[in-house]
Amino acid sequence: MYKLIAIDIDDTLINDDKEVTPATQQALEQAVAKGTVVTLATGRAYASAQAIAHQTGLNVPIITYQGALVKNLMDEKVLYERYVPVEAARKLHDYCIEHNLHLQTYIDDKLYARELNQHLIDYTTLNRTQYYIEPDFAKLMELPTPKMLIIDDPAFLDELQPILRELLGDSVHITKSKPEFLEIMHKEGTKGAALTFLANHFGCDLKDTIAVGDSWNDHEMLEAAGLGVAMGNAIEPLKAIANYITASNNEDGVKEVIEKFILNPEEASV
């Protein structure tokens, strides 16, 4: 029996209308009632993910900032956190200033940017996140941050990624949550590392976990989990490594996974 399921939020748990459907909500509740730990694993900030978690009635630790922060929902106790190394943050800041790139960071679960622009407006509208402008952006690089994010054209970010890997070295983890979002965390700030931590926290073997996602930033947790599930709307590289492909986020794909592998496991086959 699967004891823990970690579910990505955007384009996975929620549909294109940014809603958890009643059918998926019912499946989540049924999984919890059966004794399965249901958690979220997202690139979102904790405050943003917290709102979704409360909406769905969850009360367990959730994985946020791509895995850089695992925090209880009930008492907000931090269980696992990894910050971007200060030296890497400084280098990234200087590079973005020199090349006029939009960079944003998160301090104490607040989103900061150097200036207001369309990238920031679009991002905060999408995630319904409040933002703060800090003209003296360099000083923020000295403070603990779980994630830094560059927003730009997808093709440009594909070219930028190897450049930043060389610049920042192996102390960081770089991934994409969406084609236009390039995210930089501590090297252990991955959903896979966080899932491994949570499995240990709840005393369950990784083979008894399920991970569900749609983007490449989910691949570490799909590879770590006993059952890695890609959504029907997932990118092809993620589908290629998944153990199972479910329906899309607009077709209650998460509900299908829960019903097939948690509620009716005797009927399941991958």
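1. Start at Ser215. A polar atom of the Ser215 side chain lies 3.2 Å from the backbone oxygen of Ser177. This is a predicted model, and every distance below is computed from it. Ser215 sits in the loop between strand 12 and helix 8. Is Ser215 buried or exposed? Its relative accessible area is 10%. Buried means under 20%, so Ser215 counts as buried.

2. Next, look at who touches Ser215. Set aside its neighbours within four places in sequence. Ser215 is then in contact with Ser177, Ile235 and Leu238.

3. Move to His186. It belongs to strand 11, residues 181-186. Its relative accessibility is 16%, so His186 counts as buried. A polar atom of its side chain lies 2.9 Å from the backbone nitrogen of Glu188.

4. What surrounds His186? Leave aside the neighbours within four places in sequence, and its contacts are Arg82, Tyr83, Val84, Pro85, Ser171, Val172 and His173. Take His173 from that list. It is 13 residues from His186 along the chain, and their C-alpha atoms are separated by 5.6 Å.

5. Now helix 7, residues 191-201. Which of its residues are buried? They are Lys191, Gly192, Ala194, Leu195, Leu198 and Ala199. These residues cover an arc of only 160 degrees around the axis, which puts them on the same side of helix 7.

6. After helix 7 comes Gly203, with a positive phi near 70 degrees.

7. Compare helix 3, residues 46-56. Its buried residues are Tyr46, Ser48, Ala49, Gln50, Ile52, Ala53 and Thr56. The cover over them includes helix 1 (9-13), helix 2 (22-33) and helix 5. Strand 2 (37-40), strand 3 (62-64) and strand 4 (69-71) are also among the covering elements. Helix 3 is followed by Gly57, and the phi of Gly57 is positive, near 80 degrees.

8. Then the largest pocket. Its volume is about 300 Å³. It is lined by 19 residues, and the closest to its centre are Ala47, Ser48, Asn127, Arg128 and Thr129. Which elements give two or more residues to the lining? Helix 3, strand 7 (110-113) and helix 5 (118-127) do. Helix 3 provides the largest share, five residues.

9. Check the makeup of that lining. By class, the largest pocket is lined by nine nonpolar, five polar and five charged residues.

10. Last, Asp136. Where is it found? Asp136 lies in the loop between strand 8 (131-133) and strand 9 (148-151). At 42% relative accessibility, Asp136 counts as partly exposed. Glu115 is 21 residues away from Asp136 in sequence, and their C-alpha atoms are 10.0 Å apart in space.

Definitions and conventions. Residues numbered from 1 in each chain as written. Heavy atoms only, no water. 1 Å grid on protein atoms, 1.4 Å probe; cavity = no way out; pocket = protein on both sides within 12 Å on 5 of 7 lines; lining within 4 Å. Points joined across faces, edges and corners; volume = space filled by probe spheres on them. Helix = DSSP H or I, 4+ residues; strand = E, 2+ residues; numbered from the N terminus. Nonpolar A, V, L, I, M, F, W, Y, C, P; charged D, E, K, R; others polar. Buried < 20%, exposed > 50% of the residue type's maximum accessible area, 1.4 Å probe, protein only. Contact = heavy atoms within 4.5 Å. Polar contact = N/O pair within 3.5 Å; in protein donor to acceptor, adjacent residues only side chain to side chain. Arc of directions from axis to C-beta.
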